[in-house]
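Please examine the structure before reading on.

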Amino acid sequence: MTQEQLLKRLEKPKGPVDVVLDTDTFNEIDDQYALSYLLRSPERLRLQAVYAAPFWNEKSTGPEDGMEKSYREILNVLHLLGEDRYIPQVLKGSRQYLEGEDKPAEAPAARDLVRRALGQPEDSPLYVVAIGAITNVASALLMEPAIREKIVVVWLGGHAYSWPDTKEFNMQQDVAAARVVFGCGVPLVQLPCMGVVSAFAATGPELEHWLRGKNALCDYLADLTAREAEACGMGPCWSRVIWDVTAVAWLTGDFMEDCLTPSPIPQYDHRYSFDPTRHFIRYVYHIRRDKLMEDLFRKLAK
């Protein structure tokens, strides 16, 4: 891909686009909001598939267990949305992280991404919205490097470049996968967490006012968020980041500011290195929080 072609792919699309979502849905509560928001934005997004991503924390016994739990939670959210028709397009992702930067992790999700990407028309890339460890996407790129010319990756991962480290959950789970995606030249939009999309947080009173009682999905999200806040030991005045929504929102409207920058190099010591000669990516540096929150609540409450 020439630089001219890369820069064109990094422009925000103006019309409806084909999208796949790669998500560790059981990890936190924001993935559920992101999946729901995507399906409630059919005027801009045509969902093609949903991939379950691996994760490992106190909610799972390992990456495989995290992926399996995420797979089941995707099905649960689709049912609450009344969108069971998408269940055949939900695929399980990798059961492990990359063993190295040249060896893909085999998974139905990665194989499906390769197949779908290669089938895309030349002038219509497949947008890969990733809101978990980027193992599945990196594996697909390693399986078939030619898909770089057929996809655009929109990833919520890492922290702002001004942040002192890159110890962000999605990036630190699989640094090898992050290095593959940042280094291979695929068109990439990065939404950093701390310092940028950390501004996208919802409060308890907002959820009660805008979501409570609107429909079964809204009640589920409000309850889930309140339980998460309580489990985290938050006090009576709390806000909870639902930042995964922003990765979807890059495609749905004018909700953020971004710029072109040379692709950083995620290092295994949880720092970035920078080389001004590397290819460009698009870097989001500001979220219009209130405008996006209004759009999110309005669509979820339908």
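This is a predicted model: local features need pLDDT of at least 70, side-chain atom pairs count only at pLDDT 80 or more; totals for chains, interfaces and linings use all residues.

## Two helices in contact

Two packed helices are described by the angle between their axes and the distance between the axes.

On the α3 side, the contact is made by Glu73, Asn76, Leu80 and Leu81; on the α9 side, it is made by Ala216, Leu217 and Tyr220. By class, this contact comprises 5 nonpolar, 1 polar and 1 charged residues.

## The largest pocket

The largest pocket holds about 410 Å³ of space. It is lined by 17 residues, and those closest to its centre are Lys8, Arg9, Glu122, Asp123 and Pro125. The lining is divided into 9 charged, 6 nonpolar and 2 polar residues.

Helix α1 (3-9) and strand β1 (17-23) each supply at least two residues of this lining. The most comes from α1, which gives 3 residues.

## The second largest pocket

The volume of the second largest pocket is about 230 Å³. Its lining has 22 residues, of which Asn27, Glu28, Asn57, Phe169 and Arg240 are the closest to the centre.

At least two lining residues come from each of α2 (30-39), α6 (169-173) and α9. By class, the lining of this pocket has 11 charged, 7 nonpolar and 4 polar residues.

Key
Residues are numbered from 1 along each chain as its sequence is written. Side-chain values use heavy atoms; hydrogens and water are left out. Contact means heavy atoms within 4.5 Å. Helices (H or I, at least four residues) and strands (E, at least two) are DSSP runs, numbered from the N terminus. Ala, Val, Leu, Ile, Met, Phe, Trp, Tyr, Cys and Pro count as nonpolar, Asp, Glu, Lys and Arg as charged, and the others, Gly among them, as polar. On a 1 Å grid over the protein atoms alone, a cavity is a set of points where a 1.4 Å probe fits but cannot get out, and a pocket is an open set with protein on both sides within 12 Å along at least five of seven lines; lining residues have an atom within 4 Å of a point. Grid points are joined across faces, edges and corners, and a volume is the space filled by probe spheres set on the points.
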